[in-house]
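Please read it alongside the sequence and the coordinates.

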2 protein chains.
Amino acid sequence: MPRRGPRSEGDARQEILDSARASFAENGYDRTTIRGVATAAGVDPALVHHYFGTKEELFTSSVSVPISLATALPNLISDDADRAGEAIARLFFSVWEEPKARAALLGQLRHALATGKQPAIAGFIAGAVLGRVAERMTGEDRELRAELIASHLLGVAILRYVVRLEPIASVEPEQIIALVAPRIQTYLS
Amino acid sequence: MPRRGPRSEGDARQEILDSARASFAENGYDRTTIRGVATAAGVDPALVHHYFGTKEELFTSSVSVPISLATALPNLISDDADRAGEAIARLFFSVWEEPKARAALLGQLRHALATGKQPAIAGFIAGAVLGRVAERMTGEDRELRAELIASHLLGVAILRYVVRLEPIASVEPEQIIALVAPRIQTYLS
DNA sequence: GTACGATTTCAACAGCTGTTGAAATAGGAG
DNA sequence: CTCCTATTTCAACAGCTGTTGAAATCGTAC
């Protein structure tokens with residue numbers, strides 16, 4: 001079945017993307033090398049530059065996986081206000097426990113933490129999550145309380161997925177949800 | 001007044017230490033270069049290696065500032081159990097709001113996050129803080145609840161001092177304490 | 001003054017990095 | 001077969017990195 005363009009398109013390309021995503025998540029941005037990614041993918045370093053341009057573009061391409069967070073969040077709060085905290089916590093883990101999304105989020109998180117610049121993480125956390133949550137909140141210090149919710153979940157993600165501190169790293173998500181959800185709930189109202 | 005050894009000891013040495021601490025806190029470990037530290041201190045790069053050995057040793061020397069956390073924590077919990085959450089939050093900010101300690105902690109935090117290895121941050125967070133807190137706690141999941149307290153404070157530190165997300169970055173510490181302390185308190189008992 | 005030790009600098013090494021341009025290879029279209 | 005295009009590799013560049021050893025500078029003791 002002949003087609004226009006390369007027949008095996010996306011073969012080596014996909015392997016490069018997967019290797020890059022894994023390395024960015026595991027080693028962080030600075031310690032990820034083009035040569036390392038190429039070797040892990042079994043190709044020449046120049047091929048990485050051929051498909052994706054610079055290292056920063058490779059990073060953007062590899063950690064950009066569709067996250068259903070932004071669209072799902074508003075419903076959580078408006079639907080059942082009493083269990084919104086639990087719903088947020090559950091959604092948080094449903095995303096982070098998926099291997100591919102976890103690797104992508106780890107890459108973005110470590111990159112934002114390494115550079116320390118707002119644009120990277122502002123569009124990541126603030127834009128996608130915080131804004132949606134704060135919109136539906138009421139009372140004083142809406143934005144600050146929304147950021148406190150984010151800070152708690154962010155800290156959990158770091159201790160569990162980056163630092164892998166025990167026992168929080170190996171415990172079942174439900175056990176964490178049961179503990180965190182009530183505290184999130186008190187921030188919401 | 002002649003003394004044995006160099007009379008101006010600790011002059012350039014101290015400037016190197018300060019420049020290194022500032023750079024590790026501002027740029028992280030990987031993006032901190034010996035040449036950059038030397039230039040900021042107004043000395044030759046070789047002098048940095050003369051006083052401190054390798055880059056890792058320079059890092060250890062510059063971010064090791066005495067933190068009063070470990071000794072102060074046990075008292076906080078045993079003394080007034082009802083306000084232990086507030087006391088912990090207040091102690092947390094009393095350390096982080098001091099510029100020199102903040103720079104040192106930022107350096108250690110970014111280093112631990114960049115490498116992702118447990119030894120660095122395990123001895124830092126788990127050893128110094130979590131152990132002391134968990135010791136005084138009662139009930140089920142002591143360690144997990146202690147780590148959840150740590151995760152919240154860790155997230156606050158990252159959003160406020162690393163990412164500098166508004167409004168949490170510019171708000172008065174007391175305002176954050178007033179909101180965070182009650183949630184910490186519920187984790188304790 | 002000379003001598004000596006600490007402080008500081010010069011110059012350079014070997015290694016790794018991102019990146020690039022040209023060359024080689026493949027596999028289907030005509 | 002030949003041609004063409006896409007895929008892939010080779011070889012190398014320029015730059016920055018941590019690190020080192022020898023040389024120079026400085027201040028004090030004698």
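## Helices H1 and H2 of chain A

In chain A, helix H1 (residues 11-27) and helix H2 (residues 34-41) have axes that come within 8 Å and cross at roughly 125°, where axes are lines fitted to C-alpha atoms, for helices over the stretch in contact, and angles run from 0 to 180 degrees between N-to-C directions. Helices (H or I, at least four residues) and strands (E, at least two) are DSSP runs, numbered from the N terminus. H1(A) and H2(A) are therefore oblique to each other, given that angles under 35 degrees count as roughly parallel, over 145 as roughly antiparallel, 65 to 115 as roughly perpendicular and the rest as oblique. The crossing of H1(A) and H2(A) is right-handed; a crossing is called left-handed if the near helix is turned anticlockwise from the far one by less than a right angle, and right-handed if clockwise.

On the H1(A) side the contact is made by A:Ala12, A:Glu15, A:Ile16, A:Ser19, A:Ala20 and A:Ser23, and on the H2(A) side by A:Gly36, A:Val37, A:Ala40 and A:Ala41, with two residues in contact if their C-beta atoms, placed from the backbone, lie within 7 Å. By class, these residues divide into six nonpolar, three polar and one charged (Ala, Val, Leu, Ile, Met, Phe, Trp, Tyr, Cys and Pro count as nonpolar, Asp, Glu, Lys and Arg as charged, and the others, Gly among them, as polar).

## Basis of the model

This is a predicted model, in which local features need pLDDT of at least 70 and side-chain atom pairs count only at pLDDT 80 or more, whereas totals for chains, interfaces and linings use all residues. Residues are numbered from 1 along each chain as its sequence is written, and chains are lettered from A and ligands numbered from 1 in the order in which they are written.

Chain A has a mean pLDDT of 83, and 79% of its residues reach 70 or more, pLDDT being the predictor's confidence in each residue, from 0 to 100. Over residues 1-9 of chain A, pLDDT stays under 50, and for this stretch the model has zero contacts beyond four places in sequence.

The contact of H9(A) with H9(B) has ten nonpolar, six polar and two charged residues.

## Relation of the copies

Chain A can be laid on chain B with an RMSD of 0.1 Å by a turn of 180° and a shift of 0.0 Å along the axis, the copies being superposed by least squares on the C-alpha atoms of residues with pLDDT of at least 70 in both. The two copies are thus related as by a two-fold rotation axis, and the same surface serves both, with 100% of the contact residues of chain A recurring in chain B.

## Backbone details

A cis peptide bond joins A:Glu166 and A:Pro167, with omega about 5°, and A:Pro167 has its place in the loop between H9 and H10 of chain A. A:Arg164, which lies in the loop between H9 and H10 of chain A, has phi near 55°, a positive value in a residue other than glycine.
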